[in-house]
Amino acid sequence: MAEGTLSVTDSRTGARYELPITASTVRAMDLRQIRTDPDEFGLMSYDPGYTNTAACTSRVAYLDGARGVLRYRGYPIEDLAKNCTYTEVAHLLMRGHLPTSAELHGWDNELAAEMRLPPGLPDLIETFPAGAHPMVMLASTVAALGTYYPDGRHVTDTACRHRQRLRLLAKIPLIAALIYRRTRRYSRSEPRPDLGYAGNFLHMLWQGTSRQLGPQDLKVLAKALDALLVLHAEHEQNCSTSTMRQVASSEADPYVSLAAAVAALSGPLHGGANERVLQMLDEIGSTAGIPAFMRSVKAGERRMMGFGHRVYKNYDPRARVLQDFAEQVFETTGKNPKIALAVELERIALQDDYFVRRKLYPNVDFYSGIIYEAMGFPPEMFTVLFAIGRVAGWLTHWDESMADPERRIARPRQIYRGPGITAFVPIEARGRDYAEERPAAPVSSHGSVPSHRSL
Ligand code: CMC
């Protein structure tokens, strides 16, 4: 990548600056020297939603949104989804390389040894209202898990971090399964680590219920679930991963940091979209309902869930894998009739000028819910399944950020637009006149009038 400088002339002063360019990036702090007089704060960059701001360097995922490319540590996502188990990919992400058979065996054993929960945790889950959303229960339980592991606070200790990563990776599916059972008012189930990562999760979900799987079905569905977890394992600086990094930047323990990531994932614009896609398809009902639905999307009344992405301006490669994968899963589970509606909706959208001009394509959430539903998961569990997969990515970024010599506490700037200094009025003097008073002219947080910051 060519390096060089960005030559900037400040039209206010005529001064020229040379800003170094490294990896197609200028450092925001290099803008600070640009000022009209020595007492001024200097220029900032303004970027709500971090649309064009790199907050860290990372060696984990490569994403080319224009070409629809996603690789974990250099490996194309398509190859990993086809050939690897989730724990193999978690090893790749968290340990930095694909394991040999012996390494994978050792890694799976380490995880199996952690597949148990502190006794108080299932009790806690049983105190949640059964009608609560599973993602809210998950965020709460993950934070509570940290109460059992106070050593988790030693976040600058590499060996300690490794212990926490193993614990979290191994225990989250167990927690998720018990949360599901709580929503169904089933009694708790016990782990069977010998069934493997995905197999144990499926066993715990339905053990002793009318949905309990026989060994063959469990094996087939565990394989399918594994591929889904691989596809969700990592996606660089998305909202939840950035949240995890942001919370952890204060050296908070990984349990509360990961709980924050779960919270971020739960929103419908992020991982919560998979649940909403199913609701949307239910509302559309049949292909006859598509035109009216498209009209309301184009009128700005609603969004097409599972479509659009901040980074992909092309087909999300995960959605492509999922579309093909759906047919394989349906061979075992039976076809989910919603797939035909989704495919037709996609076909119509991709020909529509509204979507074409905005480069809106299906994202990972468009097809995943249809597959989850065919596998027997209720919609409110879809985002939990996303979370289980993403744990490997979150923990990888957590560890990477903790070891990063450039890490600093996350603390963005703001452009202050509130009132200037205001004379205090005692409560007994706050009558009608006070309420009708206009606020004073705004000043910026660092004291100067922000006229040049009118964005
Ligand atoms: N349906 C209709 N219009 C859309 C959609 C959509 N799904 N997504 C974006 N647009 C329009 C938006 O209205 C805007 O139009 P205009 O320029 O006329 O104002 C334009 O496209 C750009 O949208 P934006 O909101 O500025 O884009 P963003 O990068 O801030 O938001 C997004 C990205 C994923 C939040 C958004 O595309 C969205 O809301 N999609 C639906 C929810 C969804 O599927 N989320 C899952 C994301 S992928 C899984 C994950 O990583 O979580």
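The model is predicted: local features require pLDDT of at least 70 and side-chain atom pairs count only at pLDDT 80 or more, whereas totals for chains, interfaces and linings use all residues. Residues are numbered from 1 along each chain as its sequence is written, and side-chain values use heavy atoms, with hydrogens and water left out.

**View 1. The whole chain.** The chain contains 18 helices and 5 strands (DSSP runs numbered from the N terminus: helices, H or I, at least four residues; strands, E, at least two). Its C-alpha trace spans about 75 × 65 × 55 Å along the principal axes. Of the 455 residues, 47% are buried (under 20% relative accessible area, 1.4 Å probe, protein chains only). Among contacts (heavy atoms within 4.5 Å) between residues at least 6 apart in sequence, 69% join residues at least 24 apart.

**View 2. The largest cavity.** A search of the whole structure finds 1 cavity of 30 Å³ or more (a set of points on a 1 Å grid over the protein atoms alone where a 1.4 Å probe fits but cannot get out). The volume of the largest cavity is about 40 Å³, a volume being the space filled by probe spheres set on the points, which are joined across faces, edges and corners.

**View 3. The lining of the largest cavity.** The lining residues, with an atom within 4 Å of a point, are Pro-173, Tyr-197, Ala-198, Phe-201, Leu-225, Leu-229 and Ile-388. Helix 7 (197-206) and helix 8 (215-232) are the elements that give two or more residues, and helix 7 supplies the largest share, 3 residues. By class, the lining has 7 nonpolar, no polar and no charged residues (nonpolar: Ala, Val, Leu, Ile, Met, Phe, Trp, Tyr, Cys and Pro; charged: Asp, Glu, Lys and Arg; polar: the others, Gly among them).

**View 4. The second largest pocket.** This pocket (an open set with protein on both sides within 12 Å along at least five of seven lines) holds about 880 Å³ of space. Of its 35 lining residues, the closest to the centre are Ala-222, Lys-223, Ala-224, Asp-226 and Ala-227. Helix 8 gives the most to the lining, 9 residues. The lining divides into 19 nonpolar, 8 polar and 8 charged residues. Because domain 2 (65-272 + 391-402) and domain 3 (279-370) both contribute lining residues, the second largest pocket lies between them; the domain bounds come from an automatic or database domain assignment.

Notes: Buried < 20%, exposed > 50% of the residue type's maximum accessible area, 1.4 Å probe, protein only.
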